[in-house]
Amino acid sequence: MNLTHSVQTLVLYTLFLGLINSLESATTTQSTFLPNPEYESIVKKSCASQYDFPPPVIHQSLSDPQKQYWLLSLDGGGVRGILHLATLAKLEEQTGKRIVDLFDGIAGTSIGGIIAAILTMPDPNDPSKPKYSPKQLLNIFFARGHTMFQPKWLSFNGILRTKYKTNGIKDFLANMLGKNTFKNRWLPTVLVTHDLHTYNVKIFSTNDDEDFFAKDLAMATAAAPTYYKPQHVYPINNPSSNGYFVSDGGTSMSNPALAGIELIHKHYNAAIDQIHVFSLGTGMSNIKLTNSALRRGAGLSWMWELTNLFMYGQQSADINTARFFCGHRYHRLNPPLPLANLVFDDLSDANKTALMSANEKMLSENAAEFNKVATSLTTAADVKQPRTIQDMSRDMSVVVIPEENFAQSAYVWANSWCKTLFYCFGRLMG
């Protein structure tokens with residue numbers, strides 16, 4: 001009788017969660033993203049239609065063996081992405097040049113991917129400049145970043161459901177990027193995701209033939225497990241494609257420097273000794289952990305540390321490999337942070353203040369390295385040929401973007417419920 005009651009309770013609870021998911025998916029509300037007039041002038045124009053955006057940017061691919069190419073690499077890290085923006089704002093201030101003029105390519109993972117996509121978007125009203133500067137974007141993150149983290153009811157901290165509503169961050173990105181397409185960027189760009197069909201890393205590059213809406217790829221690279229739902233993205237210039245089912249790139253390549261090095265090599269036909277990398281991290285622990293539980297080697301002992309072990313392990317492997325290829329041309333800044341400030345989703349004033357203070361301290365302690373990078377970037381930018389914008393407009397009117405209909409959604413929900421019920425029933429039966 002107790003077993004029957006438990007199963008019935010589990011079924012009712014599962015159906016209840018499914019109903020909530022159905023209602024949330026069916027109700028896509030517009031976010032109140034623009035109540036503050038201070039930021040309205042910055043963001044409002046990004047909602048322009050796809051036809052208001054300038055044609056894609058064309059970059060000159062040079063094979064001059066004397067030319068030096070600079071890559072900007074931005075790690076993932078949730079709200080700690082404000083460290084990226086603070087450093088880049090300082091770099092623009094010190095050099096007197098825009099980020100898109102200082103670098104030859106940009107790579108991003110998760111929040112780094114979002115920043116990369118936004119900073120390289122042309123201004124629809126003035127194609128001669130990017131839409132946003134790092135300082136503008138930093139102010140927007142401070143004022144409206146919380147709209148990306150809308151808690152989901154009964155998620156139990158991401159255990160039973162995703163911790164946050166995906167529509168919250170989607171609305172934020174839609175307001176920022178509008179109908180801008182991924183290939184329409186001021187710089188060659190790569191965004192890192194994780195393919196959930198193959199379990200392999202999936203890198204989206206402006207060098208590829210396929211094109212996407214920038215907001216969709218920005219959402220995909222930031223769809224962190226347990227925080228947001230994975231994303232199914234479809235190329236807008238290939239309606240017959242099945243698309244890609246992907247999630248946050250931080251589980252495969254949280255430091256995207258290697259993906260960026262490949263981008264620069266392919267785009268400019270550059271040799272490895274011509275490539276310089278400015279790699280920005282989002283904080284590291286300054287505490288050496290002594291975890292005696294790991295010494296026992298049991299699954300239960302390791303379970304709580306697996307995420308950190310995997311992420312820090314693959315990140316250090318990426319850093320060491322990039323340094324092997326680039327040597328002294330690999331420059332990395334990554335401030336040490338207390339454990340309390342290493343979280344992904346704390347946008348409290350106290351945490352923002354702590355992050356900004358840590359970044360200022362990092363720049364002060366690494367002033368020689370930062371100044372060296374700034375000087376080298378300025379020198380390289382002064383000898384570059386100006387980038388030009390040419391007409392490569394596409395007929396967007398024929399594009400058909402597949403969308404999930406009610407039948408597909410019902411099938412997915414039913415399939416998910418069945419799997420959950422069979423699993424739980426099996427556990428109850430022993």
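**Threonine 87 and the cores**

Student: Where does T87 lie?
Tutor: T87 lies in helix α3, residues 82-95. Helices (H or I, at least four residues) are DSSP runs, numbered from the N terminus. This is a predicted model, in which local features need pLDDT of at least 70, side-chain atom pairs count only at pLDDT 80 or more, and totals for chains, interfaces and linings use all residues. Residues are numbered from 1 along each chain as its sequence is written, and side-chain values use heavy atoms, with hydrogens and water left out.

Student: Why is T87 called buried?
Tutor: T87 has a relative accessible area of 1%. Buried means under 20% relative accessible area (1.4 Å probe, protein chains only), so T87 is buried.

Student: Which residues is T87 in contact with, leaving aside its neighbours within four places in sequence?
Tutor: They are F278, L280, N359, M362, L363 and F370. Contact means heavy atoms within 4.5 Å. T87 and L363 are 276 residues apart in sequence, and 7.9 Å apart in space, C-alpha to C-alpha.

Student: What makes a set of residues a nonpolar core?
Tutor: Its members are buried Ala, Val, Leu, Ile, Met, Phe, Trp, Tyr and Cys residues joined through side-chain atoms within 4.5 Å. The largest nonpolar core has 71 residues, and L72, L91, F103, I114, F141 and F278 touch the most other members. Helix α5, residues 111-119, gives the most to this core, with seven residues.

Student: How many residues are in the other core?
Tutor: That core, which lies apart, has 19 residues, among them M253 and C326.

Technical notes:
Helices (H or I, at least four residues) and strands (E, at least two) are DSSP runs, numbered from the N terminus. Buried means under 20% relative accessible area, exposed over 50%, partly exposed in between (1.4 Å probe, protein chains only).
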